Amino acid sequence: EGALVTSHFFLFDIDETKILRGFISWLLKGNFFAEVLDAQARGTTGYAAIRPKQFLALEIPLPPLAEQRRIVARIEALAARVAEAQRLRGEASEEAELFINSVLNALVSNAQKKYKTLPLEDLLRDANYGTSVKCHPERTDDAVPVLRIPNVVSEKVTLTNLKFGVLSETEYQKTVLQEGDILVVRTNGSADLVGRCAVVPALPEPMAFASYMIRIRCDREIISPDFLQLVLRQQRTGGFLIDFARTTAGQYNVSLGRLRKTKIPIPSLDEQRQIMVYLDELQAQVSKLRTAQGETARELNALMPSVLDRAFKGEM
């Protein structure tokens, strides 16, 4: 159809008096040759490649054209059913996320109507940006872990894939984290990541945080960090935190100034805890659903390779 390919691809004409285009297409999609080609491709140069003559020397199952048509029709019918199941599973996952966001929005909206609100700056004991020190995956004796965007994007702090930086004493004191701090992603090329935030748990050792995030430390006599994170999460999903005008560097931003002005409802600490318990229970139910969906997804992903394997062994 007029497209071009580079020398990294094979381009062949098919003799359709012997083999149907659909038959060989499914044969290739089923990785029928994967094991033998993978073995052939492993050289000593560090560059994996297969040659046309190696590919053309492979033997394939070749039933009569009528049988090929029957096999292709059967595969395509099953593939359509698998695709439909995957679509429905994807919709269920999206609906679960929308449900949580809807409940979250209702909880915060009701709290804003029922209780007095204060700008976030009136609830803060400290707020600042993180360190821009260069970080490395290898740790030296004088380095400390530095939490980065990947450590908070799930809206919980994770300590996998840590990187380490050497900080001056001044920088260390400015950016060392405490339990109950909230880290907010302040700039990123993805609007979905900007504004994501997580409450810092008890850490196994002192840790700092990177410059692409803001650390806020609230007055815990007035507001729970977990409740504040819930409100900020609702503000993010509602699009109230993010400056959607990209910078010249192609980044979206949440400024500390915008955060400070965010209106936060202030129920009593006991009511904040009740709201969090209710949301946590709902989140646990959604997590169970997602676990079940994940198992279904793995089964669906394994189904087509199994179908193709049976098809080309003559078992369909």
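This is a predicted model: local features need pLDDT of at least 70, side-chain atom pairs count only at pLDDT 80 or more; totals for chains, interfaces and linings use all residues.

Biologist: OK, rings then. How many aromatic pairs does the structure hold?

Modeller: Three aromatic pairs. In one of them, Phe 10 and Phe 55 are tilted, with 5.5 Å centre to centre and 50 degrees between the planes.

Biologist: Where do Phe 10 and Phe 55 sit in the chain?

Modeller: In distant parts of it: Phe 10 is in the segment before helix 1 (21-29), while Phe 55 is in helix 3 (residues 52-56). That puts them 45 residues apart.

Biologist: And is Phe 55 buried or exposed?

Modeller: Phe 55 counts as buried, because its relative accessibility is 18% and the limit for buried is under 20%. Phe 10 is at 32% relative accessibility, so Phe 10 counts as partly exposed.

Biologist: Which ring forms a stacked pair with Phe 55?

Modeller: Phe 12 does, at 5.8 Å centre to centre and with 10 degrees between the planes. This pair also links distant parts of the chain, with Phe 12 in the segment before helix 1 and Phe 55 in helix 3, 43 residues apart. Phe 12 has a relative accessible area of 38%, so it is partly exposed. Put together, ring pairs join Phe 10, Phe 12 and Phe 55 into a cluster.

Biologist: Switching topic. How many residues are in the largest nonpolar core?

Modeller: It has 37 residues, and those with the most contacts inside it include Leu 120, Ile 216, Leu 228 and Ile 264.

Biologist: Which helix gives the most to this core?

Modeller: Helix 4, with six residues. Helix 4 (65-114) is one of several elements that each supply at least two residues, including strand 2 (124-129), strand 9 (213-218), helix 6 (225-237) and helix 8 (269-311).

Biologist: What does Leu 228 touch?

Modeller: Leaving out residues up to four places away in sequence, Leu 228 touches Leu 120, Ile 182, Ile 216, Cys 218, Ile 223 and Ile 264.

Biologist: What lies apart from that core?

Modeller: Another core, of 21 residues. Among them are Ile 19, Leu 27, Ala 311 and Phe 312.

Methods
Residues are numbered from 1 along each chain as its sequence is written. Side-chain values use heavy atoms; hydrogens and water are left out. A nonpolar core is a set of buried Ala, Val, Leu, Ile, Met, Phe, Trp, Tyr and Cys residues joined through side-chain atoms within 4.5 Å. Buried means under 20% relative accessible area, exposed over 50%, partly exposed in between (1.4 Å probe, protein chains only). Helices (H or I, at least four residues) and strands (E, at least two) are DSSP runs, numbered from the N terminus. Contact means heavy atoms within 4.5 Å. Rings of Phe, Tyr and Trp (its six-membered ring) pair if their centres lie within 6.5 Å; planes under 30 degrees apart count as stacked, over 60 as edge-to-face and the rest as tilted.
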